Amino acid sequence: MTVSTVVNHEQYEGNGTTTVFPFRFRILKSSHMVVTVSDTEGVLKTLTLGTDYTITGVGFVAGGNVELKSPLAEGWLISLDRDLPAVQETDLRNQGRFFAETHEDAFDYLTMLIQRTMSLFGLALRKPSWIANYYDALLNRISNLADPSLPQDAVTKNYADNVAQLNLNKTLRVPEAFVSPVPEAQARANRILGFNSKGDPIAVVPGTGDASQVMIDLASYEPDKGDALIGVKQPWDGAKARTQHDHNQDFRNIHDFDDVDPTAQVESTIAFQKALNSFGVAGGTLRLRSGAKYLIGSITVPQNVSIMGELLSPEQTKPNTTQSYYDFGTQLRLKNGATITTDRAASLFNLLIIKDGLSLPVVDNATAATVLAQYSGTAIQTTEPGGTFENLLVLGFDYPFMSQPVIPHCGRRLFKNFKYDCNNGPHLEYATDIDRFIGVHGWPFLTVHVTNISEANLKRPGTGFYLGNVADWAQLIGCFNYGYKVGFHFDSVWNVQINGGGADLTQTAAITFTGTSRFSHINEFFTNSENIGLNIITSGGQPEISSFNCNFNGVNFGAYVTTGTYLSTGDRFIGGKVGVAFSDGTVTGRLSSPHFTGVQTPWQMTALAASKVSVNNPTYGADQPYSTNELLEIGTEKQLFDRRPVAAGVGASFTLGGFYNYGLGGFFRIQSRLTGGSQGAESSNTFLQTFRAGGWQDTWGIMSDGTLRPAGDGNQPHGTADHRVGQIYTSANPIVTSDEETKTDITDIEEKVLRAWENVEYKTYRNKQDVEDKGDSARYHIGYVAQQIKESFEKEGVDPFRYGILCFDEWEEKKAVYDGEGRMIEPAKAAGSRYGVRYEEALALECALMRRKMTSL
């Protein structure tokens, strides 16, 4: 079998007698036929097989007939449709018989399903062509529509009838089918509506002084009419009576002018410029309507004129919402490329200034990237001094504010609660008098509210705040920006004061001073930079930058001085590789009471810089590594000078110290002391000192003639029992004090001592350590064995340790000592003891014994 026709539907109209309706297409089962009838009102009913009709010709290619149990009423319609379930019931087995009829039936079934689908598409509301911009209902009604809710929704008959009736109920109606129109505006001006003898509307001149004339005068815009006819007097003591017209002139609103659209759908540039120009040089304030939004091109705010809105503290949208800044009120929406130019002493208050055309709202990282790419232009620019810019939020530009005056005398401006999200922050140049910045805040307002926003979409590519060629007394109080390449850049500025505030997530430097910047101060400022916290590259006369009680955090450097002078007092350097670095271009530097926490190298200096920088009283946080290295490159020489007047004992010292359990203290000191200051007879001694019992103690000294001597007389040992001195080379024998004035209890040597010594034998031996180190090449020595001396003395009943000839020392176990980086600086030593002999006394006793023997011969 085949499916040789595309027909799968038949439709007939009843005549009240016909019951048989043929169909020209094949059906495989009786259940594949759907029979539907429609009455004259269009009500549809699906008939039931067996109850309402029967079918003949099932399976025939040519089709068959549907026979109704009763004739189809006149005017009724009947539809015969093939409707197959979308199933596949043919089961083909591997290696089974191939029945062509079975396959054809399966293919026919699929073709019928396709025809059914196309038939259903034919019932759909469709466009007549792909290029058509409408849908053709083919003169059919569309039923079961909901009432409209949005501006472009289709309107139902019920909705249209209700609206029409509502409007009609509010309309002044006449019973006639036609009424002539009222006269044109010129003919009805200052007249009242009347009707002639035909009932047609006419304009009638009111009688002089009657109520209608008064109402017309009150509604008039002509001089001395309208609000000029209304009296006003406030209920206060001394209040003055005046007209409402006089009172209305106290305030000038943008809506007092033509062609103003408060919805930002139509441009209002011309109206704004006319309104601003209306003040003249006397100046004044143009007020904007609360909640209004205005689309404008470039405008100029004239001298002494201000624009004031109602947005007292503009702030970012709520997080995780679809709020749009375009919905905020008191909004100046600047067209692409438009700029607000302010003349001398012109001001802006309480406004949202936003670039038009941004793809808002930002809801994810993709829309954030799109919006950031749309930033362009300058919001506000000026070439004149003066003006206040307060409670502003500026969004979507390259620069929120640009000042590049044609003459270098621009200053005396006040920025207060000035917030922005632009590629750069405010850019000001050539101010020769006080500019004040209070709460100037750069923040990613357009993207920060999004959940899981990427760090890249929080950063901005430019400089968060720029001051250049500012000669005097600019002040920044509590200013902050986030995510900029450079947080604050000061180029060739003098006497700039930065009080409080900070710069976070800066990419290159949080604060940079360049050019001829000098005499500028940073107080209680916080930085968090991916590279440098404070970057100083200054030149010229007295390029001094000072900081007080600041927190500097930079991944690489807390502060870096390439050229110039840096004076730090009480600053904290937190984290990063280097706290402060001074390079060759340093003029002078001073770190007074710096505090370091988690810094790998607190300070780093080149050889040239080291001679110009001082570090006083540094402290360290609990998490500061004790093994921290402080790199000091001294080249060939480092000189320390004592500037006190010439006096005996005066001289510079070098101290090494660290922490005791009660705080920081000294460990070791080298100090030189003047002994002779006359030219040609200069001399000094140098002493090594250790810190003991709460004070510095001299240990050894190098005299001006090169003599090395202990600080005390006869009380300083050289080596210990477990840390002995090695070989000593001398060109003369040592001198041992033997002055009678230094001795007591002088007697002859006892006989028992001589007898004990007589039993002591000379021995040859090799030291175990020498054998261990040198092997068989270790040499033999000649001398005494201390234990034999002890044994010989004890046999004679003599205490060997009563005499200084024999020594015995012992020590406790000592554990290995490691520095903060795990390097062993002193090895472990087991507990032990050692005997020793004073050879000069042993030889003296040997000589005494030989003298006794020779005398007895």
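**The largest pocket and its surroundings**

Sorted by class, the residues that line the largest pocket are 15 nonpolar, 16 polar and 11 charged. Please keep in mind that this is a predicted model. The space inside the largest pocket comes to about 2500 Å³. Its lining has 42 residues, and those closest to the centre are Arg724, Val725, Gly836, Val837 and Tyr839.

Which elements build this lining? At least two residues each come from α10 (768–774), α11 (786–795), β56 (806–811), β59 (832–837) and α12 (839–856). The largest share belongs to β59, which gives 5 residues to the lining.

Arg852 pairs with Glu758 in a salt bridge, with 3.6 Å between the closest N and O atoms. Glu758 sits in helix α9 (residues 751–758) and Arg852 in helix α12, so this contact ties together parts that are 94 residues apart in sequence. Both partners are partly exposed: Glu758 has a relative accessible area of 34%, and Arg852 has 25%.

Let us visit two more of them.

One joins the side chains of Arg460 and Asp421, at 2.8 Å from N to O. Arg460 belongs to strand β28 (residues 460–463) and Asp421 to strand β24 (residues 414–421), so the bridge ties together parts 39 residues apart in sequence. Are these two residues buried or exposed? Arg460 counts as buried because its relative accessibility is 2%, and Asp421 is buried too, with a relative accessible area of 0%.

The other is formed by the side chains of Lys459 and Glu530, which meet at 2.9 Å, N to O. Here both residues lie in loops: Lys459 in the one between β27 (441–442) and β28, and Glu530 in the one between β37 (526–529) and β38 (532–538), so the pair ties together parts that are 71 residues apart in sequence. Glu530 counts as partly exposed, at 29% relative accessibility.

How values were computed
Residues numbered from 1 in each chain as written. Predicted model: local features only at pLDDT ≥ 70, side-chain atom pairs only at ≥ 80, totals over all residues. Heavy atoms only, no water. 1 Å grid on protein atoms, 1.4 Å probe; cavity = no way out; pocket = protein on both sides within 12 Å on 5 of 7 lines; lining within 4 Å. Points joined across faces, edges and corners; volume = space filled by probe spheres on them. Helix = DSSP H or I, 4+ residues; strand = E, 2+ residues; numbered from the N terminus. Nonpolar A, V, L, I, M, F, W, Y, C, P; charged D, E, K, R; others polar. Salt bridge = Lys/Arg side-chain N within 4 Å of Asp/Glu carboxyl O. Buried < 20%, exposed > 50% of the residue type's maximum accessible area, 1.4 Å probe, protein only.
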